[in-house]
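Hi everyone, thanks for coming. Please have a look at the screen, and then I'll walk you through the structure one piece at a time.

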Amino acid sequence: LKVDSTNNRVGIGTTSPASELTVAHASGTDGRGIRLVNSSNSQTYETRIGVQGLENTSYAIKDITQDAVRFLIDLNGHVTMPSQPAFLVKPSSNQTNIAVNAQTVVVFGTEVFDQNADFASNTFTAPVAGKYQLNVEILLQAVNDGYEYLDVQLITSNRNHINDTTPDHYLNSDSTLHMGISVLTDMDANDTAYVQIAVPNTGSAQTDIHTYSSFSGYLVA
């Protein structure tokens, strides 16, 4: 163990530490740099960190204060981040008779999953600034063939994303429509995203949003 003359660098296995902590090891199958060993119940759990990377059956970065794993690599190399924002929500029941000449927020009452707990009251709130993949799938029933337009809108704090259709151009009778939006969009911390339907003042308030609809998203970068 060597502490250099400035008292700012520590070397283990070397008398000339190149950084604040330098661990040097000899070549060979057992020269692994840093070895972290925890023994209990006659079993040894070991993590090795060296020039070839990190060797272990699994590796985790844990927030000790919150007692939560934030980053995990298993023995097959699969990487998971249990606190990474990701959600999938669906309507609990059909949302019936969507109002005309109005913008109606889509109600998503069932959370299939909400990793990091960022979805509430039909709205996703970004916990950090980043690029988010957001996906909207809306199944509409009894769409009035007299609608001049029908919009599915993904409303975010920075910009709106719209899928627009004109039912009166191609529907001969009331029908079922599937409409979707899939975008990679930028969000700042505490920005929000929600889904709404816009219908003009033509036709009747009869369109329903089916429970097969969904809203999902996750933080990409």
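**A residue on the inside**

Let's begin with M179, which is buried, since its relative accessible area is 4%. Here "buried" stands for under 20% relative accessible area, "exposed" for over 50%, and "partly exposed" for what lies in between, using a 1.4 Å probe and protein chains only. Before I go on, please keep in mind that this is a predicted model: local features need pLDDT of at least 70, side-chain atom pairs count only at pLDDT 80 or more, and totals for chains, interfaces and linings use all residues. Residues are numbered from 1 along each chain as its sequence is written, and side-chain values use heavy atoms, with hydrogens and water left out.

Back to M179, which sits in strand β18, residues 175–187. Strands are DSSP runs of E with at least two residues, helices are runs of H or I with at least four, and both are numbered from the N terminus. What does M179 touch, if we skip residues up to four places away in sequence? Its contacts are V136, E137, I138, L140, L150, V152, N163, D164 and T165. A contact, by the way, means heavy atoms within 4.5 Å. As for L150, it is 29 residues away from M179 along the chain, and their C-alpha atoms are 9.9 Å apart.

**The whole chain**

Now let's zoom out. The chain has 1 helix and 21 strands. Of its 221 residues, 33% are buried. Among contacts with a separation of 6 or more, 60% are between residues 24 or more positions apart. The accessible surface is about 12,600 Å², and carbon and sulfur atoms account for 48% of that. That area comes from the Shrake-Rupley method with a 1.4 Å probe.

**The core**

Here is a general idea for your notes: in soluble globular proteins, nonpolar side chains tend to be buried together. In this model, the largest nonpolar core has 31 residues, and the members touching the most other members are I138, L154, V195, I197 and F215. A nonpolar core is a set of buried Ala, Val, Leu, Ile, Met, Phe, Trp, Tyr and Cys residues joined through side-chain atoms within 4.5 Å. Which strand gives the most to this core? That would be β15, with 6 residues.

Please find V195 on the screen. Leaving out residues up to four places away in sequence, V195 touches T104, V105, V106, F108, V136, I138, V152, Q153, L154 and F215.

β15 covers residues 130–143, and N135 is in it. N135 counts as buried because its relative accessibility is 19%. The N135 side chain makes a polar contact of 2.9 Å with the side chain of S182. A polar contact is a pair of N or O atoms within 3.5 Å; within protein, one must be able to donate a hydrogen and the other to accept it, and residues adjacent in sequence count only if both atoms are side-chain atoms.

**Aromatic rings**

The structure holds 6 aromatic pairs. In one of them, the ring centres of F87 and F215 are 5.0 Å apart and the planes are at 85°, so this pair is edge-to-face. The cut-offs are these: rings of Phe, Tyr and Trp (its six-membered ring) pair if their centres lie within 6.5 Å, with planes under 30 degrees apart called stacked, over 60 edge-to-face, and the rest tilted. Why does this pair tie together parts that are 128 residues apart in sequence? Because F87 lies in strand β10 and F215 in strand β21. Are F87 and F215 buried or exposed? Both are buried. They also belong to one aromatic cluster, together with F108, F119, F124 and Y132.

Two strands pair if DSSP finds at least two bridges between them. β1 and β2 run antiparallel, joined by 2 bridges, and V10 in β2 is the bridge partner of V3.

The other open sheet has the order β7-β8-β9 and antiparallel pairing. Between β7 and β8 (residues 68–73) there are 5 bridges, and A60 has L72 in β8 as its bridge partner.
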